[in-house]
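Open the structure in a viewer and keep the sequence panel beside it. The tour goes from the whole chain to single residues, with a selection at each stop.

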Amino acid sequence: FEDRYKLSGNSYTYTSILANPSDPTKWQKYVRKDYKPERVATWEIGYKGQLGKKLFVDAYYYRSTFTNFDVTQIVVKPNADGTRAVYSFPTNADQDIVTEGWALGGDYSIGQGFVLGSNVSYNATVDKGNLTPTQIGYNTPPYRVNVNLANKNVAKTGVGFNVAFRYQDPFVWQSTFVGTSLGNSEGSYIPSFTTLDAQLNKKIASIKSIVKLGGTNLLGTKYSNSWGNPS
């Protein structure tokens, strides 16, 4: 791709043009470099087990370091007729990218078969180096929260249910699909949303079966979880 369009030494990085749009002397020329496979090293610590007779806990923390992180390189090449052509292609980050996250969840027996559960998770990029969010494209909401209440056999009637409430934080979606100008202005915003899911089931012993009826997003609030997706 680079050989076909002769980009190395003949084009400028888009980030340097954005930083100095009216001063071409400060634009940085793009110089080709070898493309290498992305690598990641991760360590994690966690605990999963039962505390007492009624509480089950699952928790962890992780930290990941990416080497040769795969990013999008955007360059601008001046044409002989005075116009400019913009090209986008994959390349490697010059520095390591570090992400981290944690989660805490638990299920608590509140008696008579009722179980209350909840979990919260967090994920973020903690060291971006000199990369822009558009180049990284992490596309992960910082926080997600779930809360659910369930009973497999209410009062030994063979009737069971599970109700789940879900929440997701807002975040900015970054990718080449978004478009350069919109991505750099963080216009590709994914709002937060909440949903309510539920399931009702009935055990029919005579035919050795369980009949289930369920639905997602019962509140009917429209949402989208990525840029360009339908509501």
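What percentage of the 231 residues of the protein count as buried? The share is 30%. Keep in mind throughout that this is a predicted model.

**Whole chain**

Select everything and show the C-alpha trace. Along the principal axes, the C-alpha atoms fill a box of roughly 80 × 35 × 30 Å. The radius of gyration is 25 Å, whereas a compact globule of 231 residues would have one near 17 Å.

Switch to a cartoon. Four helices and 13 strands make up the secondary structure elements of the protein. Take the contacts between residues at least 6 apart in sequence: 55% of them join residues at least 24 apart.

**Strand 7 and a glycine**

Select residues 114-127, which are strand 7. Within strand 7, go to G117. Is G117 buried or exposed? G117 counts as buried because its relative accessibility is 1%, and the cut-off for buried is under 20%.

Display what surrounds this glycine. Leaving out residues up to four places away in sequence, G117 touches G106, D107, N146, V147 and N148.

**Aromatic rings**

Select the Phe, Tyr and Trp side chains. How many aromatic pairs does a search of the whole structure find? The search finds 14. One of them is formed by F114 and F161, with 6.1 Å centre to centre and 55° between the planes, a tilted arrangement. F114 belongs to strand 7 and F161 to strand 9, so this pair ties together parts that are 47 residues apart in sequence. F114 counts as partly exposed, at 24% relative accessibility.

Now move to Y122 and Y143. Their ring centres are 4.8 Å apart and their planes are at 45°, so this pair is tilted. Why is that angle called tilted? Stacked planes are under 30 degrees apart and edge-to-face planes over 60, so an angle in between counts as tilted. With Y122 in strand 7 and Y143 in strand 8, the pair ties together parts that are 21 residues apart in sequence. Y143 has a relative accessible area of 32% and is partly exposed.

Turn to the backbone. Most residues other than glycine have a negative phi. To locate N139, look in the loop between helix 3 (133-136) and strand 8 (143-151).

Finish at K156, another residue that is not glycine, where phi is also positive and near 55°. K156 lies in the loop between strand 8 and strand 9 (159-168). With a relative accessible area of 76%, K156 is exposed.

Conventions
Residues are numbered from 1 along each chain as its sequence is written. This is a predicted model: local features need pLDDT of at least 70, side-chain atom pairs count only at pLDDT 80 or more; totals for chains, interfaces and linings use all residues. Side-chain values use heavy atoms; hydrogens and water are left out. Helices (H or I, at least four residues) and strands (E, at least two) are DSSP runs, numbered from the N terminus. The radius of gyration is taken over C-alpha atoms; the globule rule is 2.2 Å times the number of residues to the power 0.38. Buried means under 20% relative accessible area, exposed over 50%, partly exposed in between (1.4 Å probe, protein chains only). Contact means heavy atoms within 4.5 Å. Rings of Phe, Tyr and Trp (its six-membered ring) pair if their centres lie within 6.5 Å; planes under 30 degrees apart count as stacked, over 60 as edge-to-face and the rest as tilted.
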